[in-house]
Structure formats: C-alpha cells, structure tokens
Amino acid sequence: MILIICTEDRWGMAFNGRRLSMDQAVREKMLEIAAGKTLWMSGYSRKQFEEEEKEPIRVDDRFLEKAGKGEYCFAELEDVTSYGDRLEGIILFRWNRRYPADQYFDPELLKSFHLVKTEEFPGRSHEKITMEVYSL
C-alpha cells in the first residue's frame with residue numbers, strides 16, 4: 001500500500017482527535033495521484049471528499065488492514081507505525097506551518113524509502129504546500 005499523510009513542520013498529524021488542517025488543493029492532488037486506483041480512508045476522512053462521489057474512494061475503519069498492493073491509504077488519525085512492513089511508498093503533504101499536535105507521524109518510517117519527487121504548490125488555505133513522494 002502507498003500511504004498518504006498530511007503533517008505540520010514537527011510531524012504533527014492531529015490534535016485532540018481532529019485533523020490539524022485540510023485543503024481542497026491537497027484533496028484534488030490526492031485524487032489525481034490515485035486516479036484509476038483505490039483510495040482507502042476512514043469515514044472521518046471521507047467527510048472531506050463529499051463532492052467527489054464518483055471517485056474510487058473506499059471507506060472502512062480498518063482500511064490500513066484491508067488495503068492491497070498498489071492501493072492508496074489516506075491516514076489522518078490512525079497510528080501507521082505498525083504497518084511499516086506493508087508500505088510500498090509514502091506521500092507526505094507538508095503544511096509548512098507549526099500547529100499544536102498530540103499525534104505524530106514517525107519519520108523513522110521514511111528511512112527505508114528514497115525521496116523521488118518534491119513539489120510545491122499553492123493551497124486554498126495555505127500559501128505553500130509541499131508534497132514529498134517516497135518510494136522503495
């Protein structure tokens with residue numbers, strides 16, 4: 001599976017059980033990347049994608065267990081560290097800001113991957129968002 005994560009500058013993902021931020025440009029980029037493939041997420045994350053009814057989004061609270069090879073998983077509140085051995089790639093969207101957080105992405109997961117692409121783009125809610133694509 002290919003993990004998609006959004007983090008702030010200190011690797012924070014969530015605070016008090018809620019995402020740190022969201023952005024329409026990031027959602028559009030995720031759907032573009034996952035076009036023709038399955039994009040898994042939780043019901044909580046799916047609420048961001050209300051207007052994308054036709055897209056191949058699969059919702060299941062156990063999506064990290066169910067996702068198969070080559071499928072994308074967008075995780076916001078989930079602890080992904082125990083799934084490291086199943087990862088084929090990681091796509092990070094960096095908010096380039098500092099937010100309060102109590103749930104973090106573990107950058108140790110990146111150690112077995114190579115950064116293959118970096119792209120900066122303007123978001124709707126953030127002046128600059130950085131996408132980093134990591135592959136085995």
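Is phenylalanine 105 buried or exposed? At 2% relative accessibility, phenylalanine 105 counts as buried, where buried means under 20% relative accessible area, exposed over 50% and partly exposed in between (1.4 Å probe, protein chains only).

1. Basis of the note. This is a predicted model, in which local features need pLDDT of at least 70 and side-chain atom pairs count only at pLDDT 80 or more, while totals for chains, interfaces and linings use all residues. Residues are numbered from 1 along each chain as its sequence is written, and side-chain values use heavy atoms, with hydrogens and water left out.

2. The open sheet. Helices (H or I, at least four residues) and strands (E, at least two) are DSSP runs, numbered from the N terminus. Three strands make up an open sheet with antiparallel pairing, in the order β3-β2-β8; two strands pair if DSSP finds at least two bridges between them. Its edge strands, β3 (18–19) and β8 (103–104), each pair on one side only. Strands of a sheet pair through backbone hydrogen bonds, either parallel or antiparallel.

3. Bridges of β2. Strand β2 (residues 12–15) is joined to β3 by two bridges, and two bridges also join β2 to β8. Alanine 14 stands opposite arginine 19 in β3, and its bridge partner in β8 is glutamine 103. Phenylalanine 15 has arginine 18 as its bridge partner in β3. The hairpin of β2 and β3 has two residues between the strands, and asparagine 16 takes a positive phi near 55° there.

4. Aromatic pairs. Three aromatic pairs are found in a search of the whole structure. Rings of Phe, Tyr and Trp (its six-membered ring) pair if their centres lie within 6.5 Å; planes under 30 degrees apart count as stacked, over 60 as edge-to-face and the rest as tilted. The pair of tryptophan 11 and phenylalanine 105 is tilted, because the planes stand at 40°, with the ring centres 5.8 Å apart. This pair links distant parts of the chain, 94 residues apart: tryptophan 11 is in the loop between β1 and β2, and phenylalanine 105 is in the loop between β8 and β9 (114–121). Tryptophan 11 is partly exposed, with a relative accessible area of 21%. Phenylalanine 93 and phenylalanine 121 form an edge-to-face pair, 6.3 Å centre to centre with 85° between the planes. That pair also links distant parts of the chain, with phenylalanine 93 in strand β7 and phenylalanine 121 in strand β9, 28 residues apart. Both phenylalanine 93 and phenylalanine 121 are buried.

5. Nonpolar cores. A nonpolar core is a set of buried Ala, Val, Leu, Ile, Met, Phe, Trp, Tyr and Cys residues joined through side-chain atoms within 4.5 Å. The largest has 24 residues, and those with the most contacts inside it are Ile4, Val26, Met30, Leu39, Phe74, Ile91 and Phe93. At least two residues of this core come from each of β1 (2–7), α1 (24–33), β4 (39–41), β6 (72–74), β7 and β10 (129–135). Helix α1 gives the most, with four residues. Apart from this core lies another, of 20 residues, among them Phe63, Ala75, Val80 and Phe113.

6. Helix α1. Within α1, the residues Ala25, Val26, Arg27, Lys29, Met30 and Leu31 are buried. Aspartate 23 caps the N-terminal end of α1, with a side-chain oxygen 2.8 Å from the backbone nitrogen of alanine 25.

7. Surroundings of two residues. Contact means heavy atoms within 4.5 Å. Leaving aside neighbours within four places in sequence, phenylalanine 74 is in contact with Ile4, Cys6, Met30, Leu39, Trp40, Met41, Ser45, Gln48, Phe49 and Phe63. Arginine 94 lies in strand β7 (residues 89–94) and is buried, with a relative accessible area of 12%. Not counting residues up to four places away in sequence, arginine 94 touches Thr7, Glu8, Asp9, Trp11, Lys128, Ile129, Thr130 and Glu132.

8. Cysteines. Zero disulfides are found in a search of the whole structure, a disulfide being a pair of cysteine sulfur atoms within 2.5 Å. The sulfur of cysteine 6 is too far for a bond, because the closest cysteine sulfur, in cysteine 73, is 14 Å away. Cysteine 6 counts as buried at 12% relative accessibility, and cysteine 73 counts as buried at 0%.

How values were computed:
Polar contact = N/O pair within 3.5 Å; in protein donor to acceptor, adjacent residues only side chain to side chain.
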